[in-house]
Amino acid sequence: MNILVVNDDGIRGENLLPLLSCLDSLKLGTVYACVPAGERSGNSHSTNKYDILAENFRKSDKGENIYIHTGTASDGVKFFRKFIRTDIDLVISGVNAGFNLGRDIVYSGTVGAALEANMYGVRSIALSARKHGKNFWPILPGFLRKFIFDVDWMEAMCLNINFPDQEDLSDAKYVFTPVAQIAKPTTGNNDFNCCRNEGYITVTPLKVDLTDYDNLQMLLK
């Protein structure tokens, strides 16, 4: 298995090297990283597609399979496919330093990079937690192994996962939940409320298709 790690926090992101170490410890296959040279938070699914050039890409001094580039978070997938290899089995984006819940996912470079992988038929997982949060590290190896091998994704291509705040997540449950449609809801089955208020690890399947099918059907009548 070839696993590619991307992010929008860049090569200096505090969670990059720990995540690579976590994945290496699972011995799932070969783990690579292709990340921006600096922070690219809030750039959504933007791309500098005309700058996917050799002079804007190089190997990092942080590790054997770590590469950096001058583009956006989404460009990490493009650079890696162009200059290293196209046979990627899974993309993991993050762990983002800050939640990606509710409408914030529209702005998220972490989510944008995960969705970029889907455009090439590659499944992806976007991981996020509170900025400077550390509580998820003890459970992350087992959690990733479970979702990579044991959980049936059905036809889903991208899973957006957020870890809640409580100090000990050893007994935390995960729920599959939709994206919150209002800012900071305090009730209901939605990712923001379930994660921030009820303490669940939230898992939301996402896709690129932006079509409003209900209104499309109305307009076609």
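Colleague: How many salt bridges does the structure hold?

Modeller: Side chains of opposite charge can pair when their charged atoms come close. The rule here is a side-chain nitrogen of Lys or Arg within 4 Å of a carboxyl oxygen of Asp or Glu. By that rule there are 5 salt bridges. Keep in mind that this is a predicted model, where local features need pLDDT of at least 70, side-chain atom pairs count only at pLDDT 80 or more, and totals for chains, interfaces and linings use all residues. Residues are numbered from 1 along each chain as its sequence is written, and side-chain values use heavy atoms, leaving out hydrogens and water.

Colleague: Which residue does E116 meet in a salt bridge?

Modeller: E116 pairs with K78, at 3.0 Å from N to O. The two sit in distant parts of the chain, 38 residues apart, with E116 in helix 3 and K78 in helix 2. Helices (H or I, at least four residues) and strands (E, at least two) are DSSP runs, numbered from the N terminus.

Colleague: Are E116 and K78 buried or exposed?

Modeller: Buried means under 20% relative accessible area, exposed over 50%, and partly exposed in between (1.4 Å probe, protein chains only). E116 is buried at 3%, and K78 counts as buried at 18%.

Colleague: What about the pair D165 and R130?

Modeller: Their side chains meet at 2.8 Å, N to O. D165 is in the loop between strand 7 and strand 8 (174–176) and R130 in the loop between strand 6 and helix 4 (140–150), so the bridge ties together parts 35 residues apart in sequence. D165 is partly exposed at 36%, and R130 is partly exposed at 39%.

Colleague: Back to helix 3: how many of its residues are buried?

Modeller: For helix 3 (residues 109–118), 10 of 10 are buried. These buried residues pack against several elements, including strand 1 (2–6), helix 2 (75–83) and strand 5 (90–97); contact means heavy atoms within 4.5 Å.

Colleague: Where does the side chain of S108 reach?

Modeller: At the start of helix 3, a side-chain oxygen of S108 comes to within 3.2 Å of the backbone nitrogen of T110.

Colleague: And where is M119 found?

Modeller: Look in the loop between helix 3 and strand 6. M119 is partly exposed, with a relative accessible area of 49%.

How values were computed: Polar contact = N/O pair within 3.5 Å; in protein donor to acceptor, adjacent residues only side chain to side chain.
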